[in-house]
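Subject: Structure for your review: aromatic contacts

Dear colleague,

Please find below the structure I am handing over to you. My notes on its aromatic rings follow.

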Amino acid sequence: MIYLLIVVLAFVFELLYFKVASKYNIVDRPSERGSSKAVTLRGGGIVFPFVVLVYFFYSGFAYPWFIVGMLMISCISFYDDVSSLPPRIRLLVHFVAMLLMFQQLGLITSSLWWLIPIMLFVCAGAINVFNFMDGVNGITGGYATVVLVALLYVNHHVIEFVDPNFILFSLISVLVFCFFNFRTRAKCFAGDVGAVAIAFVILFFICKLVLLTNDFSWFAFLTVYGVDGTLTLIHRILLHEKLSQPHRKHAYQIMANELKMPHVLVSAIYMCLQALVCFVYLLKPGLIMFAAVVVVLSLAYLLFMKKFFHLHLQRK
């Protein structure tokens, strides 16, 4: 019954938010960076932190440091959806939120404190990649669904690293969002608040798993986004582009814009790729498999760009 109640609460909250977004014109308009062709409500991903907050009260106030960090990073992201913020302020809040997450994980007071700069770099990069990849209908919700299902499997069948209800509540929020977003004509987009919040939640789960098992290779659950985001960044550097400028060079953007693939199909491809990666990795977890997955995905990315990137240049 509790899960049914969470579904109802999430739907009601989302519908109420749509009324607020419509009244105050919180919308996403077609832009150079995005792939959408229509004005769409922005910030529908606010349902993610809402449901996590419901879990916080339901669980008897579990993971308080993490929750404070999530609220900080969600609020600053929602403000950025409504009124643009200077990058340095947004980044500062992100770092503070991540430090609160590390405090919850026990990293700051442990003998592994020296990992903090590395984890800050990795987590900041992952959060930004989630945000950059939120450009076509269904991709954020679909990708997050695959990762959360994989983490739920690990929690039940490999090693319990977190309260399973936390993953289930998060998964429910994502599925409710997908109902409104994973369609040809999306009712809403996740916005910065959604992409950043769900990235923060997923990173908490993965970092908890990494620290419990002393195995960094669990980040394989984010390799499809990671490879696309990292290699696209390197590509832009090689092209001597200003990195703060909007662009359409991610593989998913070329699929949607140059190859004219339906948004839901592009999202389904990313979901299937990450699902396949999770399945293969779970057959033989470890750094060797993680490295193999990264190499294969990188080669696939390079071959894709070699074949289709010229279409992007012609369009420009």
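**Aromatic contacts**

The structure, which is a predicted model, holds 33 aromatic pairs. One of them joins Phe-48 and Phe-177 edge-to-face, with 5.3 Å from centre to centre and 75° between the planes. This pair links distant parts of the chain, since Phe-48 belongs to helix α2 (residues 47–58) and Phe-177 to helix α7 (residues 164–181), 129 residues apart. Both Phe-48 and Phe-177 are buried.

A further pair is formed by Tyr-225 and Tyr-270. Their ring centres lie 6.5 Å apart and their planes stand at 65°; because an angle over 60 degrees counts as edge-to-face, the pair is assigned to that class. Here, too, distant parts of the chain are linked: Tyr-225 is in helix α9 (residues 223–238) and Tyr-270 in helix α11 (residues 263–283), 45 residues apart. Tyr-225 has a relative accessible area of 1% and is therefore buried, the limit being under 20%. Tyr-270, at 4% relative accessibility, also counts as buried.

Beyond individual pairs, there is a cluster linked by ring pairs. Its members are Tyr-3, Tyr-55, Tyr-58, Tyr-63, Phe-66, Phe-166, Phe-169, Phe-200, Phe-204 and Phe-205.

Finally, there is a contact between a charge and a ring: Arg-183 lies over the face of Phe-179, at 5.4 Å from the ring centre.

Yours sincerely,

A colleague

Conventions:
Residues are numbered from 1 along each chain as its sequence is written. This is a predicted model: local features need pLDDT of at least 70, side-chain atom pairs count only at pLDDT 80 or more; totals for chains, interfaces and linings use all residues. Side-chain values use heavy atoms; hydrogens and water are left out. Rings of Phe, Tyr and Trp (its six-membered ring) pair if their centres lie within 6.5 Å; planes under 30 degrees apart count as stacked, over 60 as edge-to-face and the rest as tilted. Helices (H or I, at least four residues) and strands (E, at least two) are DSSP runs, numbered from the N terminus. Buried means under 20% relative accessible area, exposed over 50%, partly exposed in between (1.4 Å probe, protein chains only). A charge sits over a ring if NZ of Lys or CZ of Arg is within 6 Å of the ring centre and within 35 degrees of the ring normal.
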